[in-house]
Amino acid sequence: MRDPFGREDEWYRTCSECGKDCAPEPLGTGVGMRIAFRCPVHGVHTIVDPFNDLND
Ligand SMILES: [Zn+2]
């Protein structure tokens with residue numbers, strides 16, 4: 001299984017506004033689990049579906 005936090009995907013950790021490396025935090029939704037990356041200055045900038053690859 002692919003590691004969703006693997007090095008090749010670290011772009012989505014980075015805030016496009018300030019370039020900070022943001023920690024992932026779990027985000028519960030009505031349809032499943034997502035991972036949100038929240039910049040302390042700019043708020044959530046990226047939401048990823050860690051299980052997206054498994055649905056194909
Ligand atoms: Zn930022």
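**Exercise 1: the strands and their pairing**

Strands S1 and S2 pair in the antiparallel sense over six bridges, where a strand is a DSSP run (E, at least two residues) numbered from the N terminus, and two strands pair if DSSP finds at least two bridges between them. The model is a predicted one, in which local features need pLDDT of at least 70 and side-chain atom pairs count only at pLDDT 80 or more, while totals for chains, interfaces and linings use all residues. Residues are numbered from 1 along each chain as its sequence is written.

Task: find which order the strands of the open sheet have, and which strands lie at its edges.

Solution. Begin with the inventory: the chain has three strands and zero helices, and along the sequence it reads β-β-β. From one strand to the next the twist averages 40 degrees, with axes being lines fitted to C-alpha atoms and angles running from 0 to 180 degrees between N-to-C directions.

**Exercise 2: partners across the strands**

Task: state which residue of S2 stands opposite Thr29, and which residues of S3 face Ile35 and Arg38.

Solution. Start with Thr29, which has Gly32 of S2 opposite it. Moving on to S3, Ile35 stands opposite Val48, and the bridge partner of Arg38 is Val44.

**Exercise 3: a loop residue and the whole chain**

Task: decide whether Pro40 is buried or exposed.

Solution. Locate Pro40 first, in the loop between S2 and S3. Then apply the cut-offs: a residue is buried if 20 or more other C-beta atoms, placed from the backbone, lie within 10 Å of its own, exposed if 12 or fewer do, and partly exposed in between. Pro40 counts as exposed because it has 10 C-beta neighbours inside 10 Å. Its C-alpha atom is separated by 9.8 Å from that of Ala23, which is 17 residues away along the chain. For the chain as a whole, buried residues make up 5% of the 56 residues.

Methods. Helix = DSSP H or I, 4+ residues; strand = E, 2+ residues; numbered from the N terminus.
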